[in-house]
Each structure stands twice: as structure tokens, then as C-alpha cells.
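Me: I have a structure open and want to learn how to read it. Can we go through a few features together?

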Amino acid sequence: RTLVPTRPASRNGITHLVDASFTPEQDELRAQARAFLEANPAPSWEQLAELGWTGVSVAEADGGTDLGFVEQGVLHEELGRALTPGPFYSTVAVALPALPAEEQRRVAAGETSWALALGPLVPDLDTVERVAVVGGDGIYELVGAEREMLETNDETRPLGILAGGAIGERMAGSEVLADIRRRSLTALALEACGAGRRALELAVEYVSQREQFGRPIGSYQAVAHPLATSYMELELARSLAIWAAWCIDAGDAQAQTAAAAAKSQAADAAANVGAGDTAPG
């Protein structure tokens with residue numbers, strides 16, 4: 001399997017361009033994911049497990065498919081494009097690196113889902129079965145806590161808060177938090193790229209069909225230019241996000257910088273499209 005860095009490699013003072021295209025296997029994974037999500041807009045956790053998605057980053061010995069974070073990133077982007085609800089981000093991108101092998105095996109099998117509380121607001125708290133918290137020098141399961149869901153403007157990523165509960169089994173040491181942060185930021189960036197691209201596609205479709213004065217409104221510069229700007233912003237964000245995913249896979253020292261840059265660019269680019277900045281008045 002060939003991984004694809006998106007930055008130039010330098011050797012002996014000479015810069016060599018690196019192939020940044022996806023492999024045929026990665027393209028096929030994207031096509032299959034998009035087709036499935038179009039047919040199943042709100043899939044169950046068990047369905048995702050049957051497809052192997054919940055175990056995409058789990059070792060084969062533990063029941064997973066043992067693919068890389070680039071492949072996981074393909075799924076995050078397509079799930080974002082479809083605005084798919086559910087605990088995939090919270091479990092696979094955030095909590096999974098903190099789970100011992102037995103719990104990763106259960107995640108891969110679709111038997112359980114997790115959220116890791118990194119602060120007062122916990123994503124997907126209404127759908128995950130189990131919750132872990134950071135305490136002292138480790139990450140521990142939180143047992144018996146009360147959950148309160150909050151009203152938000154994003155129904156696909158509900159937030160909740162925890163109250164009470166008892167500290168249970170130790171899951172991992174706090175040293176995994178840096179890796180969790182990189183994976184979380186990159187996954188969010190890819191989700192935003194997927195959602196932003198779909199919103200842009202809908203906007204382009206609309207301005208191509210709607211007419212004023214006998215012409216599609218997309219032919220007017222005042223409409224076309226913001227769409228072109230959003231396209232460029234999203235392409236830059238996507239390049240950064242793919243670079244970040246590759247850095248995570250390759251253990252590249254720039255992974256943290258790449259993840260932060262991707263999240264910053266992707267959030268702004270997707271928000272600009274979603275807020276209607278590219279749509280006609």
C-alpha cells in the first residue's frame with residue numbers, strides 16, 4: 001500500500017515532487033462509502049461495523065481491518081459530506097487510541113462505542129455507550145455518570161455534559177493525548193471538507209438552474225466569483241487535511257502542525273459555504 005504525502009521531498013538540496021494522488025484502493029473505498037451513505041443516510045453502528053468501518057484503524061489480530069489513517073480520513077470526509085449522525089468521530093477518531101486491545105476489539109465488532117471527555121462538553125453523548133475521562137496521569141472509564149444533552153444548532157453532532165459518576169478501569173496513560181489531538185483535529189477537518197464540498201455542489205447546481213433576465217444566475221460575476229473563492233478555500237483545506245492524515249500515518253514530525261493548520265482552514269472554508277456566503281441573495 002502506497003501512502004501519499006502532499007508536501008515536496010528534498011534530498012541533496014534538490015526538491016522532488018511527491019505523488020499526492022489516492023491509490024485505486026482508496027478511491028474504491030471512497031466510492032463505496034459514498035454509495036452506501038447515499039442509500040443509508042442514518043446508518044446504525046452495527047451497519048458500520050459490518051462494513052469494517054468501526055475497525056478501520058484496529059489491528060487485524062484484534063478484529064479490525066488494519067488500514068491507515070488516510071483510509072480512515074476518507075471515511076471521515078464522506079461521513080461529513082453526508083452529515084451522518086452517530087458516534088464514529090467520538091469513538092474511532094478520539095477514544096480509540098486510548099482503548100486497550102480488548103476494547104478496540106469490541107469497537108471493531110460494533111459491540112460498543114465510546115466518547116472521551118476532554119472538557120466539559122462531550123460530543124455524541126446521546127449515542128455512545130461508554131465514556132472515558134482524563135484524570136491525573138491517565139485516562140479512565142467513567143461509570144454511572146448522569147448525562148445531560150444540550151441544545152445546539154448541529155443535530156448531527158450533539159453535545160452533552162456529565163455529572164457525578166465513579167472512576168473505573170484505567171484505559172491508557174496520558175501520553176496518548178497528543179496522538180488523540182492530532183487525529184481529532186484531522187478528522188474534524190476532513191468532515192468539514194466533506195460537508196463544505198457538498199454545500200458548494202448544491203450551490204453550483206442551484207445557480208446553474210435559476211435564471212434571471214434569461215440567463216442562469218451563475219453566469220453573473222457577482223455570483224460566480226464567491227463560488228470560485230469557496231472552491232479554492234475548500235481545495236486548500238482538503239490538501240492540508242490529506243497532508244495531516246499522511247503525516248499521522250507516517251509518524252511525520254509535522255503531524256501536529258499539519259493537523260492544526262488543516263482544522264483551522266477547513267472550519268473557516270466550510271463555514272463560509274454553509275453560512276450562505278457563496279449562495280445567491
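**Salt bridges and a helix face**

Reply: Let us start with one pair. Arginine 106 and glutamate 111 join their side chains in a salt bridge, at 3.3 Å from N to O. Keep in mind that this is a predicted model.

Me: Which residue does arginine 81 meet in a salt bridge?

Reply: The partner is glutamate 201, at 3.0 Å from N to O. Look at where the two sit. Arginine 81 belongs to helix 3, and glutamate 201 belongs to helix 6 (residues 177-209). They are 120 residues apart, so the pair links distant parts of the chain. Arginine 81 is buried, with a relative accessible area of 15%. Glutamate 201 is partly exposed, at 27%.

Me: Where do aspartate 124 and arginine 157 lie?

Reply: Both are in loops. Aspartate 124 is in the loop between strand 4 (122-123) and strand 5 (130-135). Arginine 157 is in the loop between strand 7 (146-149) and strand 8 (159-163). Their side chains meet in a salt bridge of 3.5 Å, N to O. Both aspartate 124 and arginine 157 are buried.

Me: Which residues are linked in a network of salt bridges?

Reply: The network links Arg30, Arg34, Glu77, Glu78 and Arg238.

Me: Now the helices. Why do residues three or four places apart point the same way?

Reply: An α-helix has 3.6 residues a turn, so residues with that spacing point the same way. Now take helix 1, residues 24-39. This helix has 16 residues and reaches 23 Å from first C-alpha to last, close to the expected 22 Å.

Me: Which residues of helix 1 are buried?

Reply: They are Gln26, Leu29, Arg30, Ala33, Phe36 and Leu37. Seen down the helix axis, these buried residues fall within an arc of 140 degrees, so they line one face of helix 1.

Me: What do the buried residues of helix 1 pack against?

Reply: They pack against helix 2 (45-50), helix 3 (69-81) and helix 7 (221-250).

Me: Which exposed residues are on the face turned away from the buried side of helix 1?

Reply: That face carries Pro24, Glu38 and Ala39.

Conventions. Residues numbered from 1 in each chain as written. Predicted model: local features only at pLDDT ≥ 70, side-chain atom pairs only at ≥ 80, totals over all residues. Heavy atoms only, no water. Helix = DSSP H or I, 4+ residues; strand = E, 2+ residues; numbered from the N terminus. Expected span 1.5 Å × (residues − 1). Buried < 20%, exposed > 50% of the residue type's maximum accessible area, 1.4 Å probe, protein only. Arc of directions from axis to C-beta. Contact = heavy atoms within 4.5 Å. Salt bridge = Lys/Arg side-chain N within 4 Å of Asp/Glu carboxyl O.
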